[in-house]
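The entries follow the order in which I checked them.

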Amino acid sequence: MTRLKILGSEPAWPSANRACSGYILDIEQQTILIDAGTGVFERLRATADPESITAIVISHLHFDHWADLIPYRYYLSLEAKPSNPPKLYLPPNGVEILRRVVEPIDPNPDFFTGTFETFEYDPQSGLHIGKAHFQFRKMLHPIDTYGMRISTNDRTFVYSADTGWEDSIYEFTKQADLLLCEAAYVDQPGNPNVHITAEQAGKIAQAGNVKKLVLTHLPERKAEVAIGLAKREFNGEVDYAYSSREFEV
């Protein structure tokens, strides 16, 4: 059984008691953390043992998707000290980018790599974590950002990460059992090269013939409006990534 648990789904800033992007995917005896934005580590500690995470996969290096790797690192290095720390999978060039970010406050070149078992994934060849197969798609966003299509023998989960509008996105989402899709602009179109609206998320789900659409990367207070707008375009089930909610894929 594949299950998705929501740790956080707020946009670039957290709300009270709600974190930015962070999701746990339990799949084929692997517990995978996808993204680790602001507030996610606190939510993780309230939910599970941080040492139980098999791997962490980061979609891109905007702060609301990785900033809580910093407290996670401090916890592992100073408190837990596990013999088998989680594997950390970063986008291409991610190791050097994170090193440069933390260097002014901690010049240790192994700040992350000395604690996490750290890798950079290859978007072209994909990634295997246990029996879970990751395929990546470069999304339309100001920095290199990768959507994820995660499959086992009988289930497929797709995460849009952050993305602007592209007509071809639906090809990546085709036949997904669950599509976790951003809808940051909700009902007010913004820069189409940065994020999409809830209606556009519905269009992607409909064109891809997915079974269920879950909206994320928007404030919970706008969830019901976003769900209604997505339903204008998608005939299937639509929900919002409420904090602590679990979904079967």
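Before reading any accessibility value, I noted the classes: buried is under 20% relative accessible area, exposed is over 50%, and partly exposed lies in between. The model I am reading is a predicted one.

**Entry 1, Lys 138 and Asp 144.** I looked up Lys 138 and found a relative accessibility of 49%, so Lys 138 counts as partly exposed. Its salt-bridge partner is Asp 144, and the closest N and O atoms are 3.1 Å apart. Asp 144 is partly exposed too, with a relative accessible area of 42%.

I then asked how many salt bridges the count comes to. The count comes to 15 salt bridges.

I went to Arg 3 next and found a salt bridge with Glu 246, with 3.2 Å between the closest N and O atoms. Arg 3 belongs to strand E1 (residues 3–8) and Glu 246 to strand E14 (residues 246–248), so this pair ties together parts that are 243 residues apart in sequence. I checked the accessibility of both ends. Arg 3 has a relative accessible area of 28% and is partly exposed. Glu 246, at 37%, also counts as partly exposed.

Arg 232 sits in the loop between helix H6 (223–231) and strand E13 (237–240), while Glu 199 is in helix H5 (residues 198–208), so the pair ties together parts 33 residues apart in sequence. I wrote down that Arg 232 is exposed, with a relative accessible area of 61%. Glu 199 counts as partly exposed at 27% relative accessibility.

Which residues join Arg 99 in a network of salt bridges? I found Glu 96, Arg 100 and Glu 103 linked with Arg 99 in that network.

I turned to disulfides and got a count of 0. Cys 20 is in no disulfide, and the nearest cysteine sulfur, that of Cys 181, is 18 Å away.

Notes. Residues numbered from 1 in each chain as written. Predicted model: local features only at pLDDT ≥ 70, side-chain atom pairs only at ≥ 80, totals over all residues. Heavy atoms only, no water. Salt bridge = Lys/Arg side-chain N within 4 Å of Asp/Glu carboxyl O. Helix = DSSP H or I, 4+ residues; strand = E, 2+ residues; numbered from the N terminus. Buried < 20%, exposed > 50% of the residue type's maximum accessible area, 1.4 Å probe, protein only. Disulfide = S-S within 2.5 Å.
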